[in-house]
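I opened the model to look up a few things. My notes follow in the order I made them.

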Amino acid sequence: MMSVRILANTTQRILRQLRHDHRTIALMLVVPTLLLSILYFMYEDQAPVFNRIALIMLGVFPFTIMFLLTSIAVLRERTSGTLERLFTTPLGKLDLLFGYGIAFGLAAAVQASVTAALAYWLLDLNTAGSAGFVILIAVTNAVLGVALGLFFSAFARTEFQAVQFMPIVVLPQVLLSGLFVARDEMAGWLEAISNVLPVTYAVEALAEIGANPEPTATMWRDLGVVFGVVVLALMLGAATLRRRTP
Amino acid sequence: MEPAIQFHDLVVERGKQEVLHSVSAEIHPGVITGLLGPSGAGKTTLMRAIVGVQLVKSGGVTVLGKPAGSPELRRTMGYLTQSPSVYPDLTVRENVRYFASLYGFGADEADRTIVNVGLEDQARQLVSTLSGGQLSRTSLACALVGQPEVLVLDEPTVGQDPLLRDELWRRFRKLADDGATVLVSSHVMDEANRCDRLLLVRDGSIIADDTPPAVKQAAGTDDLDQAFLRLVRRRAGQ
C-alpha cells in the first residue's frame with residue numbers, strides 16, 4: 001500500500017523538520033568539508049594518497065551521517081507516539097520508509113555536492129572519472145545509511161543506545177573496506193567478511209571512478225550490489241515497523 | 001441504531017500482566033461516550049485496541065462493522081494519544097497540515113481546525129515552544145482534522161483552562177450531534193456528567209455501562225465520584 005500523495009507529503013514533512021533545524025544543516029554541510037581539509041593538510045605532499053582517501057571519504061561521510069540522522073529520527077517517531085498515531089491514519093509503511101529515504105537522500109545529495117565541489121576546486125582532488133558519478137555513489141551510500149538506520153532504530157530504546165549502533169555498523173565496514181589494508185592482503189576470514197559488507201563495494205566503485213575516465217563494468221556491478229543491499233535493508237526496516245504492538 | 005464500535009470478550013496482555021479481562025460493550029454513534037476510571041484501569045489499552053494498534057490476546061473489536069485496524073477504517077478514525085504526539089520541530093500549522101494531507105484534506109481544513117481548537121495565534125509557532133495546554137491542543141487538532149466519523153480521544157482536556165475545556169466539550173457535542181461516534185477518556189469524574197453514556201473501568205474490567213443518571217441511580221447517590229466508589233465496593237463485596 002502506497003500513495004504518491006502521502007509519500008510526497010511525508011517527504012516534505014521530514015524535509016521541513018530538517019529545515020527548521022539550522023544547526024543540523026550547518027553541521028551537515030561544514031563537518032565533511034572540515035574533515036577533508038584536515039586530510040588535505042595531512043597529506044599536503046602526497047597528492048595520490050590524498051586523492052585515494054578523500055575520494056573514499058566522500059562516500060563514507062553521507063553513509064555515516066545519514067545512518068545517524070535516520071536512526072535518531074525514526075527512534076523519535078517510535079518513542080514519541082507519532083509512529084503509533086501515523087499507523088491509525090491512511091499512511092502506509094512504504095510511504096514512511098520511502099519518505100525517509102527520499103528526504104535524507106536529497107539532503108545527502110546537497111551535502112555530497114557541496115563537499116565534492118570544495119574537494120575538487122579548493123583541495124585539488126583529482127579523479128580520472130567524473131564528479132557526477134562520485135556524487136551518485138555518495139547518494140546511494142546515503143540511502144544505504146538511511147535504510148540501515150531505519151532497521152537498527154528498532155533495536156534501540158533510547159537515543160544513547162541508538163548512537164552506539166553507529167560504531168558497530170559503520171566502523172567495521174570502513175576498516176574492512178580496503179581503505180587501510182588492501183583487501184587481498186587481509187587474513188582470509190577478514191576478506192570473507194569484507195566480501196559481504198556493502199561499504200566494501202561502495203569503496204571499490206569510488207576507486208574505479210578515481211582510476212578510470214569512463215564508468216567500468218566493475219563500478220556498475222558494485223553500484224548494483226549496494227543498491228540491492230539498500231532494497232534488502234528497507235525490507236528489513238519495513239518488517240520492524242509494526243502497526244500493532246504489545 | 002447500529003453500534004459504531006463493538007468489542008466482545010476482549011482480553012489484552014501487556015508484558016505478563018493481563019490488563020483487560022474479557023471486556024465487552026457497544027459504543028453508539030451520535031452520542032458522547034465517556035471512558036472513565038482511575039489511571040492504570042486499562043482505558044488507554046482499550047482505546048488502542050479500538051484504533052487497531054494494540055495486539056490483543058483474544059476476543060474481537062469491530063468498528064463500523066469491520067475488524068479494528070482494517071485499512072478502510074483508517075480514513076474514518078481520529079485518534080488522540082494520551083501524551084501529545086506531534087512533531088516538536090514543526091510549527092502548529094505544519095503539523096496539522098501534514099495530518100490533514102494524510103486524510104486527503106488541504107490547507108483550508110487544517111487552518112479551520114486550528115481555529116476550532118483556539119490556536120490561531122500560535123499557528124506559526126514551533127510546537128517545541130508551546131505551553132503544555134497548547135501542545136495538547138495541537139495534538140487534538142491533528143486528531144480532529146480529517147473530519148473523522150469515529151473519534152477516539154484519550155484525555156483530551158487534561159491541563160486546559162476551564163473556559164477552553166468548556167469550549168472543547170461543546171465541540172465534541174457538535175461532532176456527536178452531526179453523527180460522529182465520540183469516545184472520550186478521562187479520570188476526572190466531573191467530566192462524566194457531560195457524556196451521554198459512561199463506561200466505568202477499573203482494574204481491566206467494565207464495572208458500569210449506562211447513562212450518567214442511571215449510574216447515579218444504581219449507586220443511590222447524586223455524586224458520580226461517590227457512585228464510582230460505591231460500585232467498586234459493591235463489586236468487591238460480591
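Entry 1, the hairpin. I began at the hairpin of β9(B) and β10(B), which has 2 residues between the strands. There B:Asp203 takes a positive phi near 50°. I take strands (E, at least two residues) and helices (H or I, at least four) as DSSP runs, numbered from the N terminus. Two strands pair if DSSP finds at least two bridges between them. This is a predicted model, in which local features need pLDDT of at least 70 and side-chain atom pairs count only at pLDDT 80 or more, while totals for chains, interfaces and linings use all residues. Residues are numbered from 1 along each chain as its sequence is written, and chains are lettered from A and ligands numbered from 1 in the order in which they are written.

I then counted the bridges. Strand β10 (residues 205-210) of chain B runs antiparallel to β9(B), and 5 bridges join them. B:Asp209 in β10(B) stands opposite B:Leu199.

Is it buried or exposed? Strand β9 (residues 197-202) of chain B has 5 of its 6 residues buried, so it is largely enclosed by the rest of the structure. My cut-offs: a residue is buried if 20 or more other C-beta atoms lie within 10 Å of its own, exposed if 12 or fewer, and partly exposed in between, with C-beta atoms placed from the backbone. β9(B) also pairs with β3(B), in the parallel sense, over 4 bridges. I found B:Leu200 in β9(B) as the bridge partner of B:Leu36.

I followed β3 (residues 32-36) of chain B to its parallel partner β8(B), joined to it by 5 bridges. B:Ser185 in β8(B) has B:Leu35 opposite. β8(B) pairs with strand β7 (residues 150-154) of chain B too, again parallel and over 5 bridges. Here B:Leu151 stands opposite B:Val182. From β7(B) the chain passes through helix α5 (residues 162-177) of chain B to β8(B), a right-handed β-α-β crossover. Right-handed: with the strands pointing away from the viewer, the path from the first strand over the helix to the second runs clockwise.

How many residues of β8(B) are buried? In strand β8 (residues 181-186) of chain B, 6 of 6 are. Both faces are covered. One side has B:Thr181, B:Leu183 and B:Ser185; the other has B:Val182, B:Val184 and B:Ser186.

Entry 4, the open sheet. I traced 4 strands of chain B in the order β2-β1-β4-β5, with antiparallel pairing. The edge strands, β2 (17-27) and β5 (66-67) of chain B, each pair on one side only. Strand β4 (residues 58-63) of chain B meets β5(B) over 2 bridges. B:Lys66 in β5(B) is the bridge partner of B:Val63.

I checked cover along residues 43-51: 9 of the 9 are buried. Among them are B:Lys43, B:Arg48 and B:Ile50. Just after α1(B), B:Gly52 takes a positive phi of about 85°.

I looked for the largest nonpolar core and got 144 residues. The term means a set of buried Ala, Val, Leu, Ile, Met, Phe, Trp, Tyr and Cys residues joined through C-beta atoms within 7 Å. A:Leu58, A:Ala147, A:Leu206, B:Ile50 and B:Val152 touch the most other members. Helix α3 (residues 47-80) of chain A gives the most to this core, with 16 residues. In soluble globular proteins, nonpolar side chains tend to be buried together.

I listed contacts next (C-beta atoms, placed from the backbone, within 7 Å). Beyond four places in sequence, A:Leu58 is in contact with residues including A:Ala112, A:Val134 and A:Ala138.

I found 22 residues of chain A in contact with 26 residues of chain B. On the chain A side, α1(A) gives the most, with 6 residues.

Technical notes. Contact = placed C-beta atoms within 7 Å.
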